[in-house]
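Dear colleague,

Please find below the sequence and structure that I am handing over to you. My findings follow directly after them.

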Amino acid sequence: MRLGVLDVGSNTIHLVVVDAHVGARPTPEASQKKTLRLMRYLTPDGSISDEGVDTIMSAMHDAAKVIRRSNLDALLPMATSALREAKNGPALLERIKRETDIELQVMSGEQEASTTFLAARRWFGWAAGRIMLVDIGGGSLELAIGNNEVPEKAVSVPLGAGRTTLGFLHDDPPTLKQLEALQRHVRKTLEPHAATFRKRDRPDQFVGTSKTVRSLARLAGSVQDGIGSADRVTLRQWQLEDWVPRLAQMPAAARPALPGITQDRAFQVVAGGTVLLEVMRMFDIDELDVCPWAMREGVLLDYLDRM
């Protein structure tokens, strides 16, 4: 069957069309992505500004055109933290349904974490043993832990790379005082969750997903031979400790010259790296295995499992 996954996130609206059937690996056939950076459009009262709404609607109309000509058997449309938390999110969802006939399903933070955990489990398999997931999006950070395909514990906290950039790193490049304030905020926000996770059995493998993690791994990580055609990509705590301060000293416009740092992520990679480094320190993670699958693949796998 031909399936479409439409992901309306904090950074992008991303449509992926795949050919899939139960028990098989989904095969991508088409992809369309529009960069949003929705955190830039949040007003002081928590609403998305008129300019942000126009940007979203333009991207949704473009996605609807691709969907109509893709001859899909099913569309799996979802929205995450940006629309979930926006004051005018419900009204915007209604407008999207009215104008494009796309009814976005708003995922809770726990659903985001659990669905991404499923994707990571399927990618690494049962041989990975007990795993812990670290997923950094634009608006939120998801953490999950468990032995099975459904995590024992899954949480979402407002520590996304875009959100923390706009909240703390006001200069380009950021000042040392701003970076220290962000580090304190991350530690304070994560401490209750770190205490809860520490009470559970320690994972056998730590897994990182999302564009931020993949970008940092391409810049600072290590590549080893994996099983089959896929390489094993890892990111170690000491590698982040080496690179994050260097990234913080560079203006955003200069960062895309580095491997793995794309133009659309350059402005928020320092905050994303700072959040990830504090997570690794607080949860005593020396090394992350980078997973190329994340929430979109988890949504597909969950749909196929339910058939």
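In the predicted model, V8 stands opposite I13 of strand β2. The two strands concerned are β1, residues 2-8, and β2, residues 12-19; they run antiparallel and are joined by 7 bridges. Both belong to an open sheet of 5 strands with mixed pairing, in the order β3-β2-β1-β4-β5. Its edges are formed by β3 (27-35) and β5 (105-106), each of which pairs on one side only. As a general point, strands of a sheet pair through backbone hydrogen bonds, in either a parallel or an antiparallel manner.

Nonpolar cores

The largest nonpolar core comprises 45 residues, of which V134, L141, L143, L190, L276, V279 and F283 touch the most other members. Two or more residues are contributed by each of the strands β6 (131-136), β7 (141-146), β8 (153-157) and β12 (287-290), and likewise by each of the helices α6 (176-198), α7 (211-220), α8 (237-248) and α9 (269-282). Helix α9 supplies the largest share of this core, with 9 residues. Apart from this core lies another, of 28 residues, which includes I48, A59, M60 and A79.

Leaving aside residues up to four places away in sequence, F283 touches M132, L143, L190, H193, A194, F197 and R202.

A buried threonine

T116 is part of helix α4, which covers residues 109-124. Is T116 buried or exposed? T116 counts as buried because its relative accessibility is 0%, and the cut-off for that class is under 20%. When residues up to four places away in sequence are not counted, the contacts of T116 are L133, D135, T209, A294 and M295.

Cavity

How many cavities of 30 Å³ or more does a search of the whole structure find? The search returns 1. For the largest cavity, the volume is about 30 Å³. Its lining consists of T212, S215, R265, Q268 and V269, which divide into 1 nonpolar, 3 polar and 1 charged residue. In general terms, rolling a probe the size of a water molecule over the atoms shows where empty space is left.

Backbone geometry

- D172 and P173 are joined by a cis peptide bond, with omega at about 0°. P173 is found in the loop between α5 (161-168) and α6.
- D101 has a phi near 65°, a positive value in a residue other than glycine. D101 lies in the loop between α3 (89-100) and β5. With a relative accessible area of 60%, D101 is exposed, because that class begins over 50%.
- D284 has a phi near 55°, again a positive value in a residue other than glycine. The loop between α9 and β12 holds D284. At a relative accessible area of 46%, D284 is partly exposed.

With kind regards

Notes
Residues are numbered from 1 along each chain as its sequence is written. This is a predicted model: local features need pLDDT of at least 70, side-chain atom pairs count only at pLDDT 80 or more; totals for chains, interfaces and linings use all residues. Side-chain values use heavy atoms; hydrogens and water are left out. On a 1 Å grid over the protein atoms alone, a cavity is a set of points where a 1.4 Å probe fits but cannot get out, and a pocket is an open set with protein on both sides within 12 Å along at least five of seven lines; lining residues have an atom within 4 Å of a point. Grid points are joined across faces, edges and corners, and a volume is the space filled by probe spheres set on the points. Ala, Val, Leu, Ile, Met, Phe, Trp, Tyr, Cys and Pro count as nonpolar, Asp, Glu, Lys and Arg as charged, and the others, Gly among them, as polar. A nonpolar core is a set of buried Ala, Val, Leu, Ile, Met, Phe, Trp, Tyr and Cys residues joined through side-chain atoms within 4.5 Å. Buried means under 20% relative accessible area, exposed over 50%, partly exposed in between (1.4 Å probe, protein chains only). Helices (H or I, at least four residues) and strands (E, at least two) are DSSP runs, numbered from the N terminus. Contact means heavy atoms within 4.5 Å. Two strands pair if DSSP finds at least two bridges between them.
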